[in-house]
Amino acid sequence: MNLSELPVLVVDDDPNDVLLLERTFRKANLANPVVVVRDGDEAVEYLAGEGRYADRALHPLPVLMLLDLKLPRRSGHEVLEW
């Protein structure tokens, strides 16, 4: 798989931050798809390939993860520890 086909995983609960990131990626002509998850538990679920993210053909591991440290349910620090 080509690196530009792998997703960028954005873990952020603030819709304004997500909107700014997506706008910046568009302006930079980032070819990678952007996947957004809203909390630390969902980030771990995605990275572990569990639940709705179990199909790695549909949800491949990201080439890059942008992780907010202040998240609901599980903090960014806890995601990094995991």
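Tutor: Let's start with Arg74, which counts as partly exposed because its relative accessibility is 24%, and buried would mean under 20%. Keep in mind that this is a predicted model, so every value here is computed from it.

Arg74 forms a salt bridge with Asp41, and their closest N and O atoms are 2.9 Å apart. Arg74 sits in the loop between β3 and α3 while Asp41 belongs to helix α2, so this pair ties together parts that are 33 residues apart in sequence. Asp41 is partly exposed too, with a relative accessible area of 27%.

Now look at Arg73. Asp41 also has a salt bridge with Arg73, where the closest N and O atoms are 3.9 Å apart. Here again distant parts of the chain are linked: Arg73 is in the loop between β3 and α3 (76-81), Asp41 is in helix α2 (residues 40-48), and 32 residues separate them. Arg73 is exposed, because its relative accessible area is 65% and the cut-off for exposed is over 50%.

Stay with helix α2 for another pair. The side chains of Glu42 and Arg52 meet in a salt bridge, 2.6 Å from N to O. Glu42 is in helix α2 and Arg52 is in the loop between α2 and β3, so to speak two distant parts of the chain, 10 residues apart.

Now put the pieces together. The structure holds four salt bridges. Some of them share partners, and these join Asp39, Asp41, Arg73 and Arg74 into one network.

Strand β3 (residues 64-67) runs parallel to β1, and four bridges join the two. Across that pairing, Met65 in β3 stands opposite Leu9. On β1 (residues 8-11) both faces are covered: Val8 and Val10 are buried on one side, and Leu9 and Val11 are buried on the other.

Conventions: Residues numbered from 1 in each chain as written. Predicted model: local features only at pLDDT ≥ 70, side-chain atom pairs only at ≥ 80, totals over all residues. Heavy atoms only, no water. Buried < 20%, exposed > 50% of the residue type's maximum accessible area, 1.4 Å probe, protein only. Pairing = 2+ DSSP bridges.
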